[in-house]
Amino acid sequence: MNELHAETTATEDAPLSAYERAAEEGGDPRCIPQYLEEAPPVGSDIATPVYSDEHNQNWRYLFNRQMQLLPGRAGQSYMNGVRLLGMDDTGVPALRDLSTRMEAATGWCIARIPGLLHEKDFFKLLSERIFPSTDYIREKHELDYTPAPDCFHDMFGHMPMLTEPAVADFYHLFGKTALNATGIQRTWLERLHWFTIEFGLIRQAEGLRIFGAGIISSKNEVTHALSDAVDVRDFSMEAVINQDYEVWHLQPRLFALESFEQLEDAFRHWTKKEGLSI
Ligand SMILES: [Fe+2]
């Protein structure tokens, strides 16, 4: 999914359809959170679309561009995940195939969803160990940047990390916890999501590495994230939940984990302290 903050902007009192909202606001309908009207197809129930040559070329261009940048910058778990999921530059992968491989690795499945989801639907799927993903790819004029969700971000950005057991377990717990969160706790969880799943860094023996999907899937964020322009702080729950962020600019401050087990352990401890443990 694309950035969680966007999923929290619509009120639950006004469940208009994406197109109704777009018509009212004059915005891009792909950026408007939608309610799921029925259970989305999961795993082998997902039909694979026939992608045009141009869409497969868009995938190939983006895949090759990022894969030139990522060795030595992305974490080992991420690089392993790309191989494990069988992603390559031949074209847009089939969600059902990715789901089969991911399930074999960590028990996570994939659901095909139409676009940005309302947070309750999003958290509910995570709580069931199901990752919601789009299956359409950005157009040629959006290759450098798109504000809308698309499958390059969802598949290439997110899915490899869900083959890492500690991240898979953390994200499952995150979904279950988020369903129960209220008030300021929701803001805290939004920040945690942002600074880990979307923009997380990790220290490896070889040095600082990227694992967040928002960085991994963006050419500019990849080169920026490990540059001197970023103030990198040690990860702690307290530091992250108290750190506000700006969505529309390159990130000036990021947080580095010591390990993925640190993330899972720290979150589990925090949920107990907050009375949010499952
Ligand atoms: Fe995302």
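The entries below go from the whole chain to single residues.

**Entry 1: ground rules**

I am working with a predicted model, in which local features need pLDDT of at least 70 and side-chain atom pairs count only at pLDDT 80 or more, while totals for chains, interfaces and linings use all residues. Residues are numbered from 1 along each chain as its sequence is written.

**Entry 2: the whole protein**

I began with the inventory: the protein has 13 helices and 6 strands. Both kinds of element are DSSP runs numbered from the N terminus, with helices being H or I of at least four residues and strands being E of at least two.

Next I checked the overall size. The C-alpha trace spans about 45 × 45 × 35 Å along its principal axes.

Then I looked at burial, where 41% of the 278 residues come out as buried. I call a residue buried if 20 or more other C-beta atoms lie within 10 Å of its own, exposed if 12 or fewer do, and partly exposed in between, with C-beta atoms placed from the backbone.

Of the contacts with a separation of 6 or more, 68% are between residues 24 or more positions apart. A contact here is two C-beta atoms, placed from the backbone, within 7 Å.

**Entry 3: the core**

Which residues have the most contacts inside the largest nonpolar core? I found Met 102, Ile 110, Leu 162 and Tyr 171, in a core of 64 residues. Helix 8 (residues 165–180) gives the most to this core, with 6 residues. Such a core is a set of buried Ala, Val, Leu, Ile, Met, Phe, Trp, Tyr and Cys residues joined through C-beta atoms within 7 Å.

Leaving out residues up to four places away in sequence, Tyr 171 touches Leu 126, Leu 162 and Ile 197.

**Entry 4: strands 1 and 2**

Strand 1 (residues 109–112) pairs with strand 2 (residues 130–133) in the parallel sense, over 4 bridges. For me, pairing takes at least two DSSP bridges between the strands. From strand 1 the chain passes through helix 6 (residues 119–127) to strand 2, a right-handed β-α-β crossover. Right-handed means that, with the strands pointing away from the viewer, the path from the first strand over the helix to the second runs clockwise.

Lys 124 lies in helix 6, and is partly exposed because 18 C-beta neighbours lie inside 10 Å. Arg 129 sits in the loop between helix 6 and strand 2. With 19 C-beta neighbours inside 10 Å, Arg 129 also counts as partly exposed. I marked its phi, which is near 60 degrees, a positive value in a residue other than glycine.

An open sheet of 4 strands runs in the order 4-3-6-5, with mixed pairing. Its edge strands are strand 4 (207–210) and strand 5 (231–234), each pairing on one side only.

Strand 3 and strand 4 run antiparallel, joined by 4 bridges, and a hairpin links them through 2 residues. Leu 201 has Ile 210 as its bridge partner in strand 4. Strand 3 (residues 201–204) also pairs with strand 6, in the parallel sense and over 2 bridges.

**Entry 5: Leu 257**

I finished in strand 6 (residues 253–257), where Leu 257 is placed. Is Leu 257 buried or exposed? Leu 257 is buried, because 24 other C-beta atoms lie within 10 Å. Its bridge partner is Ile 202. Leaving aside neighbours within four places in sequence, its contacts are Gly 200, Ile 202, Phe 235, Gln 262 and Leu 263.
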